[in-house]
Amino acid sequence: MSGTEIIEERYGLVTDRIREISEEHFGDEKLEAFFSSCAEFLLMIDDTVSFLAEGGVEKARIEELAERNRSLYADILPEHYGESYGNPGYAVQELGEELGALLSFLYTELRSLIGFAYEGRLEELVIRMELFVEIYTVFVYAADQKEGRPSAREIKDIIYWFVSDYADMAARRRIEEQVSPHGFAVRRIMESDLTDVRYLYSYGEYVGVNELETARFLAGVPEETIATMADTYTEGYRMGFEATGVDLSKKGMVTLGYQIGFERMLRRAVENFEKMGLKSAACRAASSVLDNRGASRRTKNGFSGGSPNPQFEYDHKDDKAIFFDKNYVNRKLEAVRTASEKWKAQLRDCAGPAIVETFGEADFMPATCKEAIRLSGEQERLWVEYVAKAGMLGREYTPEEETSFTIIAFPVPEIGPVFEELFRETIRINTLDYLLYRRVQQTLIDALNTADYCEIKGRGANRTDLKVNLYKLENPEKETIFENCVADVNIPVGEVFTSPVLQGTEGLLHVTRAFLKGLEYRELAITFKDGMIQEYSCRNFGTEEENRNFIYENILARHATLPMGEFAIGTNTTAYVAAKRLGVEAKLPVLIAEKMGPHFAVGDTCYSHSEDTRVYNPDGREIVAKDNEVSRRRHENPMEAYCNCHTDITIPYDELGELTAVRKDGSRICIIKDSRFVLPGCEELNRAFEA
């Protein structure tokens, strides 16, 4: 028998067994209800496999497609989540403390089958269905032997060997997806009838209002608007290579990241990339624990649909704690290296990601679920180590100094009645005159290059009081501290940035409200000493411990501390004024928000792993402030030099009292005062406020 025939036989056997489970009883009603619920879901997956094999997406009415999509995701939608086994709290309540959390993990892993079913990956279905049947069988055996229930240790061992045994398979699939042009997602972009939104249901992703209405909206805009959107995106990508002196002609692949609904723009973008000599690839954002799924499946690591329930994703972000130990880390890294060797030529051909972000989704501040699985302190340290080693491994096969990227963002309809006007404003903001900004920003840089340090103070409710120490130039005629950043890798235009000197950088960074990587922070306060985070707090939750854990997990990425890796001044007052006028400033993504005031990144510098590549501003001066006291360890101990995270925190103009450059002799150059640029030569930036 061929490999395909063996998989098909296994699939037939396991689905036959699953059909029997709903009718079986072993004396534990609550467990029977759980396994019956899982079996019903798996049979819905089987029905979907048949539906797709018969050309269902092409033949079915949109109402039928929408109903199937909703049925597949119904149980974890917010209105049903309170009584879903995907909710660790409910699972523990119904099934017991340890076993309830483990079975909630199993239930969550089974949900990754939706995407695999639509991609026709039968083996991925088989291995997870067999896992389900194996665990079910252990419970039935324990009941038959009058032993009650199996131990949590026994179930953990089954899960451990599942993730270990299939680490190679997962790594091969994941890397193949990343380097295979014209794959599953790109075919949908290029071959679908984009005037018929039924194509959205061919992904297997959750299709909500945002995805449907975005696709419908873009289907109706003029072709020249689509061209403007796509051309800005792809030209920014090209300019990123030009700005860093990297030869794009040596590359042959670009990796797309996007939320479904933007296919009309992306079709034009794929065509543009083809003209640059680049083929496009895209993989699905991780939904399986084998692919390191985390707190959110948003676009940065692939394509995704809407989130059926962000709380569900957040509750399961640490499920890996069930099996995460040193042996598994070594196993996983070995599997990735083996797969990378197979695809090493294609990985070397990758030019880097091109990301389309979205903003405007409903606010999400996660609730703490005490029953959710959590990493131990030792596992947190091991996770930080794993991320660092995985990053080093990735850069070995795709050297970072040979790549670039670009990110652009657009609103989604969930933002409300202002959607269409905001969409037009976003296109305008994304296409501002970069030559004007480059000139004004050079004026800023000329002043900042004379400074010893900068002082930043908040106003009103903002309590910021920071001193940021700057690199000391040795040859000001040929060198510069700040990069003059226009619309290339980070669209839209509008910032100057540097890597601060850590020693002497100190004080309080405070923002009253911030949205970082899809999570809301209230009264976020971070104190620095010699450039390193010393204290942190927010007011999201009822206890100090919950608030600190929230920041520790999601901003510090489980590091004991992080350096201030970037100090920047955003100059896009046009974006700020438009956001204030439309009342959406709290909804903007970091990509745009960071251009609307001074911002500070915690984690690695903007030049992470590329510090030794020479980079120049448009005026010809070399940017020399690219590393700091932490990243300089890269030559002796790379594991200590990088944090593998970078989170921007912006003080909006209306919370900014003063930003002043202070020279060595104590003289002061005021850059911004009471939310307005006051440095001569920057008057153009204030015109947006006056319009």
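The model is predicted, so local features need pLDDT of at least 70 and side-chain atom pairs count only at pLDDT 80 or more, whereas totals for chains, interfaces and linings use all residues. Residues are numbered from 1 along each chain as its sequence is written, and side-chain values use heavy atoms, with hydrogens and water left out.

**Helix α7**

Select residues 97–110, which form α7, a helix of 14 residues (helices are DSSP runs of H or I with at least four residues, strands are runs of E with at least two, and both are numbered from the N terminus). From first C-alpha to last, α7 reaches 20 Å, close to the 20 Å expected at 1.5 Å a residue, where the expected span is 1.5 Å times one less than the number of residues. Twelve of the 14 residues of α7 are buried, so the helix is largely enclosed by the rest of the structure (buried means under 20% relative accessible area, exposed over 50%, partly exposed in between, with a 1.4 Å probe and protein chains only). Colour the buried residues, among them Leu99, Phe105 and Tyr107, and then show the elements they pack against, including α2 (29–53), α9 (122–144) and α16 (310–315); contact means heavy atoms within 4.5 Å.

**The second largest cavity**

Next, select Leu422, Glu425, Thr426, Ile429, Ala575, Ala578, Ala579, Val584, Leu588 and Ile592, which line the second largest cavity. On a 1 Å grid over the protein atoms alone, a cavity is a set of points where a 1.4 Å probe fits but cannot get out, and lining residues have an atom within 4 Å of a point. The largest share of this lining, four residues, comes from α20.

Technical notes. 1 Å grid on protein atoms, 1.4 Å probe; cavity = no way out; pocket = protein on both sides within 12 Å on 5 of 7 lines; lining within 4 Å.
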